[in-house]
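Me: I'm new to this one and would like to learn how to read it. Can we go through it feature by feature?

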Amino acid sequence: MKRTAVALSALALLLPLSGCGGSAEAGSGTTVTITVGYQSKTINTVTAGTLLHSLGYFEQQLDALHDGHTYKVDWQDYATGAPITAQMTAGKIDIGSMGDFPLLINAARGKQLGQPTRLVSVTGYNLRGGLNTVVTAPSSKLTSLKDLKGKKVSTSVGSAADGTLVRALQRAGIDPDKGIEKLNQQPAVGASALTAGSADALSQFVAWPGLLAFQGRAKALYDGAQLNLPTFHGVTARENFAKQHPAVLDAFLKAQAQATDYLDAHPVTAAEKVAKATGLPAEVVYLYNGAHGIATFDPAIKPQLVSALKQDVSVLKSAKLVGDVDVDSFVDDQYVKRALGTSAYAERLAATPAPAASEVWPKGSEKTVGFKSPAQLLSYVAAHPTGIRAAYVPDATTGTLWFADKAVWVTDGDQLLPFVAPATAQAYVAAHGGARVVTYAQALERAS
């Protein structure tokens with residue numbers, strides 16, 4: 001909103017003096033504040049949050065507009081998507097990033113409260129659902145999802161991790177409402193409950209499962225990729241803001257694409273930047289955001305993700321968190337198409353995730369070393385016992401990346417196969433005569 005001094009005086013009583021939505025700050029006729037809500041530790045959103053913020057690309061794009069305004073970006077950090085939605089529907093956040101289930105709640109609340117929002121881009125995704133994991137305590141005797149019947153399970157109701165839990169329990173023949181005692185807790189609270197023994201399991205989204213496993217505070221019970229249903233995080237914008245400030249939204253989406261390209265080109269450096277900003281171990285960030293990480297980053301709104309979003313509605317409806325949600329009207333890729341250009345957008349839309357691969361991050365190195373097989377990785381690790389910062393291997397059936405020393409290993413002839421969860425390892429053993437589960441130490445010894 002460009003205003004002359006006369007216009008500013010006339011409108012002073014009608015316009016807010018500060019805040020978001022492109023409103024002018026007090027005492028200035030040309031300064032516009034854009035408020036961005038993000039989740040710094042939900043590292044599947046870094047290209048629209050933590051990494052983007054640290055790189056300064058959005059501010060650079062705004063400076064390049066040269067439209068007579070001075071732009072200020074107010075970055076607001078939250079633990080989950082729910083408070084971002086609350087602030088957006090109150091007109092106090094312009095652009096926000098969150099997971100697929102919170103996005104649907106965002107769409108429903110926006111329509112209900114007369115502050116409609118639109119899904120304008122995607123941050124990170126996993127086509128099989130590997131971003132969500134159910135974990136148990138390291139000493140737990142639970143070995144499969146069926147063992148959760150009658151147990152206390154912590155999750156954040158309405159989150160993507162809750163959706164994974166509900167679907168996984170249903171497939172295991174357990175009523176997600178009556179078959180377990182569900183504890184509705186924030187991720188950090190749930191992690192503490194698991195450690196204290198007041199929860200038998202924890203179902204959470206990136207980066208909590210990997211973090212707890214890395215710290216030795218949990219082990220995987222269920223790999224969300226077993227569902228083989230896409231899960232993702234995305235960027236939502238208030239419809240009024242998008243219409244009133246299309247150049248600003250273009251600038252954000254161009255900056256997001258820049259951050260995505262930076263992450264792809266410099267995965268180790270990007271992991272270090274996110275680690276510094278969040279306090280998360282860089283090794284955990286790389287597990288999800290690395291060259292072959294669990295998440296694939298691309299702003300394009302892929303049809304598979306839209307289809308998955310439509311399937312998610314029924315889960316939220318059964319939990320009475322939303323009514324009907326018109327996903328087709330909520331998803332709006334016109335903004336990202338315009339920002340990136342038709343041909344560039346089409347190229348991103350057609351892009352596919354990098355194939356699963358084994359990687360070692362040597363100590364003191366700014367690059368990782370790739371291997372053609374998990375056995376080759378183990379051989380390298382065995383030969384460099386004190387020189388490994390982290391070693392990553394993809395699950396033999398789902399492709400989900402996991403820490404080599406936290407994986408469940410199976411030997412099958414000359415093969416050494418890693419699995420995220422014990423149930424999938426046992427399923428492989430049952431289907432392959434002669435295969436058996438071995439310890440990580442035994443796997444290293446066989447590979448050396």
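Me: Which helices and strands each supply at least two residues of the lining of the largest pocket?

Reply: A pocket here is an open set of points on a 1 Å grid over the protein atoms alone, where a 1.4 Å probe fits, with protein on both sides within 12 Å along at least five of seven lines; lining residues have an atom within 4 Å of a point. Helices (H or I, at least four residues) and strands (E, at least two) are DSSP runs, numbered from the N terminus. For the largest pocket, strand E4 (117–126), helix H10 (246–265), strand E11 (296–297) and helix H16 (342–350) each give at least two lining residues, and H10 has the largest share, with 4. A word on the source: this is a predicted model, where local features need pLDDT of at least 70 and side-chain atom pairs count only at pLDDT 80 or more, while totals for chains, interfaces and linings use all residues. Residues are numbered from 1 along each chain as its sequence is written, and side-chain values use heavy atoms, leaving out hydrogens and water.

Me: How many residues line the largest pocket, and which lie nearest its centre?

Reply: There are 31, and Gly-293, Ala-295, Thr-296, Pro-353 and Ala-354 lie nearest the centre.

Me: On to sheets. In what order do the strands of the open sheet come?

Reply: Strands of a sheet pair through backbone hydrogen bonds, either parallel or antiparallel. Two strands count as paired if DSSP finds at least two bridges between them. Here 4 strands run E13-E12-E14-E15, with antiparallel pairing. Strand E13 (369–371) and strand E15 (401–403) are at the edges with a single partner strand each, so one side of each has no neighbour in the sheet. Take E14 (residues 388–394) and E15: they pair over 3 bridges, and Pro-394 has Leu-401 in E15 as its bridge partner.

Me: Now a helix. Which residues of H18 are buried?

Reply: Buried means under 20% relative accessible area, exposed over 50%, and partly exposed in between (1.4 Å probe, protein chains only). In H18 (residues 422–431), the buried ones are Thr-424, Ala-425, Tyr-428 and Val-429. Looking down the axis of H18, they fall within an arc of 140° (taken from the directions from the helix axis to the C-beta atoms), so they line one face of the helix. Ala-430 and Ala-431, on the other side of H18, are exposed.

Me: And Leu-212, is that buried or exposed?

Reply: Leu-212, in helix H8 (residues 208–214), counts as buried because its relative accessibility is 0%. Contact means heavy atoms within 4.5 Å. Leaving aside neighbours within four places in sequence, Leu-212 touches Val-135, Ala-191, Leu-202, Arg-217 and Ala-218.
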